[in-house]
Amino acid sequence: DFNNSKYVNKKTYEYTDTVSIAKTKSNVIVTQAKIAKYDEKFNLLWENTFDNEYDATFYGVLPVSDGYIAVGSYIEVYSQIDSKCRTGLIVKYDMEGKEVWHKEYSVLSNTALYKIIDDGNNNYVIIGQSIYKNLQVGTHITGGGIIIRIDSEGEVLARNNYGGNKSGLFNDIIKVNDGYIICGRDAANSGVFLKFKKDFNRDDDDYDLITKKVLWRRSYDYTDTEGFKAMTMVDDKIYVVGAINVSDEKDEEDNIIFKYDAGLVIYTKDGKYLGKASIQDDNHHRFIAVNQKDDKLLLIANTNVE
């Protein structure tokens with residue numbers, strides 16, 4: 001929302017509602033992907049947006065030696081508005097916040113990139129999601145949660161994926177000596193915690209090669225529809241957070257009546273389950289970030305309130 005920005009102009013586009021009989025037209029305010037830099041006293045130094053005709057969003061940013069690389073998604077063409085689909089987006093900015101280059105990345109109809117980490121030697125690893133659009137069906141084997149490696153110019157060097165092409169999702173990643181540990185969602189209401197080999201590149205025609213690149217996988221039943229949101233590693237233990245089911249109650253058809261609390265699940269770095277904890281509350285809430293501070297964990301959550 002740039003209504004009060006001194007640096008970025010508000011933009012609109014004209015949209016025709018193709019669903020309604022009236023085919024009404026309206027001017028829509030563009031949701032702009034934003035990057036901003038502040039000093040340690042939170043004074044704004046500069047801000048910029050991705051210059052696009054339609055909506056765009058940044059989910060993650062990484063400082064690099066000569067600037068910043070931001071990842072997210074955007075509406076590339078008008079037809080994506082009705083289908084509620086987006087294209088994965090990677091943007092390089094210089095030290096002053098000026099765009100250097102941008103790249104698109106897609107596998108299936110709807111793609112978003114959520115996090116980028118440094119991989120050394122001027123390479124970077126990005127995770128996210130690429131799935132079919134609503135009501136689309138198929139047997140494509142390269143969608144779901146996605147992982148890619150890019151070079152300093154944004155060119156893709158390696159890629160792989162895991163999970164269903166309607167629901168798979170990667171939210172967070174930790175680099176370790178022999179690979180990458182990732183958390184996210186597999187099927188609906190199922191968290192996933194897995195490890196890819198350092199050489200995770202796949203062959204499009206060989207489905208078995210996908211699983212050969214996964215060193216191990218752990219499924220957690222049940223999370224909410226966001227899956228595992230974030231994690232941090234402390235002394236060879238990994239603390240994974242999200243919203244976890246705390247109910248054993250079932251309905252007349254023997255289906256679980258889910259009740260979600262902000263939860264923490266603990267694994268070893270080799271994928272062994274160690275335990276869990278949650279904060280019980282009447283409202284559905286989830287942890288969305290976790291980090292270490294001295295001998296404690298700092299967690300950020302959001303919640304539904306009446």
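In which sense do strand 7 and strand 8 pair, and over how many bridges? Strand 7 (residues 87-93) pairs with strand 8 in the antiparallel sense, over six bridges. The model shown is predicted: local features need pLDDT of at least 70, side-chain atom pairs count only at pLDDT 80 or more, and totals for chains, interfaces and linings use all residues. Residues are numbered from 1 along each chain as its sequence is written, and side-chain values use heavy atoms, with hydrogens and water left out.

View 1. Strands are DSSP runs (E, at least two residues) numbered from the N terminus, and two of them pair if DSSP finds at least two bridges between them. Gly88 has Tyr105 in strand 8 as its bridge partner.

**View 2. The hairpin of strand 21 and strand 22.** Strand 21 and strand 22 (residues 296-303) pair in the antiparallel sense over eight bridges. Two residues lie between these strands, and Asp294 in the turn has a positive phi of about 60°. His285 stands opposite Thr303 in strand 22.

**View 3. The largest pocket.** A pocket is an open set of points on a 1 Å grid over the protein atoms alone, where a 1.4 Å probe fits, with protein on both sides within 12 Å along at least five of seven lines; lining residues have an atom within 4 Å of a point. The largest pocket holds about 570 Å³ of space, the volume being that filled by probe spheres set on the points. Of its 26 lining residues, Tyr59, Tyr114, Lys115, Asn171 and Lys229 lie nearest the centre. Strand 9 gives the most to this lining, six residues.

**View 4. The largest nonpolar core.** Such a core is a set of buried Ala, Val, Leu, Ile, Met, Phe, Trp, Tyr and Cys residues joined through side-chain atoms within 4.5 Å, where buried means under 20% relative accessible area (1.4 Å probe, protein chains only). This core has 15 residues, and Ile147, Ile173, Ile182, Leu194 and Phe196 have the most contacts inside it. Its largest share, three residues, comes from strand 15.

Definitions and conventions. Helix = DSSP H or I, 4+ residues; strand = E, 2+ residues; numbered from the N terminus. Buried < 20%, exposed > 50% of the residue type's maximum accessible area, 1.4 Å probe, protein only.
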